[in-house]
Amino acid sequence: DKGVIHELLTGYHLNGGKHMSPDAKQKHDELKSKMSKEEYENANKLAKSTAEHIHKHVKGNIDSVHWSSKPGDIKRITGTHESQQENPSDIVVKFKKKRATAKHPHLGLSAKSSSSKAIGFHNGGTKELGNFLTKHLG
C-alpha cells in the first residue's frame, strides 16, 4: 500500500494537483483512510518532492499524466502493446512535445517508496526508458 499511495500522490502532483483518473482518486481515498495523519503527510511530502524532481528534468513539457498499474493500461494510454512484465510503469507521462530522438511522446515511471536507501529495481521494459534516464536524469 505504501508504494501505491506514493505512485498515486506522485501522479497527483505531476498532474497539477489533480488525480490522474476517477479510479486513482478512489484508490487514493481508500488508502488514505487506512493511514494515520502523520503517515499520509509523510507520503505526500515524499511524493511532492518526487514530482518536483521530475518536473525539473522535463522542464514543463507535461501534457497529461496517467495511472498505468492495471494490465492493458499501457496500450490504452500509449497505443503500444506491452505487458506489465515488459513495461512495469505505474505512471505514464505524455509530453506536449516529443523529443526528436524519441519514437513516442511518453515516459513511463515506476515509482518506488522505501524507508531504506537500497531500493530493488528491475525494468524489463524498453531500451528507450533506460536511454532517457541515463541522458536526462543521470
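Which residues in α1 meet which residues in α3?

**Ground rules**

We're working on a predicted model, where local features need pLDDT of at least 70, side-chain atom pairs count only at pLDDT 80 or more, and totals for chains, interfaces and linings use all residues. Residues are numbered from 1 along each chain as its sequence is written, and side-chain values use heavy atoms, with hydrogens and water left out.

**Exercise 1. Describe how α1 packs on α3, and list the residues in contact.**

Step 1: get the contact list, where contact means heavy atoms within 4.5 Å. From α1 come I5, H6, L9, T10, H13 and L14, and they meet Y40, A43, N44, L46, A47, K48, T50, A51, I54 and H55 in α3.

Step 2: sort that list by type. The contact of α1 with α3 has 9 nonpolar, 6 polar and 1 charged residues. Here Ala, Val, Leu, Ile, Met, Phe, Trp, Tyr, Cys and Pro count as nonpolar, Asp, Glu, Lys and Arg as charged, and the others, Gly among them, as polar.

Step 3: pick the geometry. Two packed helices are described by the angle between their axes and the distance between the axes. Helix α1 (residues 2–14) and helix α3 (residues 37–58) pack at about 50 degrees, with axes 8 Å apart. That makes α1 oblique to α3. For the labels, angles under 35 degrees count as roughly parallel, over 145 as roughly antiparallel, 65 to 115 as roughly perpendicular and the rest as oblique. The axes are lines fitted to C-alpha atoms, for helices over the stretch in contact, and angles run from 0 to 180 degrees between N-to-C directions.

Step 4: α1 passes α3 in a right-handed crossing. A crossing is right-handed if the near helix is turned clockwise from the far one by less than a right angle, and left-handed if anticlockwise.

**Exercise 2. Do the analysis again for α1 and α2.**

Step 1: the axes of α1 and helix α2 (residues 22–33) come within 10 Å and cross at roughly 130 degrees. α1 and α2 are therefore oblique to each other.

Step 2: the hand. α1 passes α2 in a left-handed crossing.

Step 3: the residues. V4, I5, L8 and L9 of α1 make the contact with A24, K27, H28, L31 and K32 of α2. They divide into 6 nonpolar, 1 polar and 2 charged.

**Exercise 3. Work out the sheet, strand by strand.**

Step 1: place the strands in the fold. The protein has 5 helices and 3 strands, following the pattern α-α-α-β-α-β-β-α along the sequence. Helices (H or I, at least four residues) and strands (E, at least two) are DSSP runs, numbered from the N terminus.

Step 2: order them. The 3 strands form an open sheet in the order β1-β2-β3, with antiparallel pairing; two strands pair if DSSP finds at least two bridges between them. At the edges sit β1 (62–67) and β3 (106–109), each pairing on one side only. Neighbouring strands are turned by 20 degrees against each other on average, direction ignored.

Step 3: count bridges. β1 and β2 pair over 5 bridges, with S64 partnered by K94 in β2. Strand β2 (residues 91–95) is joined to β3 by 4 bridges; V93 has L107 as its partner in β3, and V92 has G108.

Step 4: bring in the helix. α1 lies across β1, β2 and β3, at about 160 degrees to β1.

**Exercise 4. Buried or exposed: where does H106 stand, and what about N61?**

Step 1: set the cut-offs. Buried means under 20% relative accessible area, exposed over 50%, and partly exposed in between (1.4 Å probe, protein chains only).

Step 2: H106 lies in strand β3. H106 is buried because its relative accessible area is 14%. Beyond four places in sequence, H106 touches I77, T78, V92, V93, K94 and F95.

Step 3: N61 is in the loop between α3 and β1. With a relative accessible area of 18%, N61 is buried too.

Step 4: zoom out. In β3, H106 and G108 on one side and L107 and L109 on the other are all buried. In β2, 4 of the 5 residues are buried. Across the 138 residues of the protein, buried ones make up 33%.
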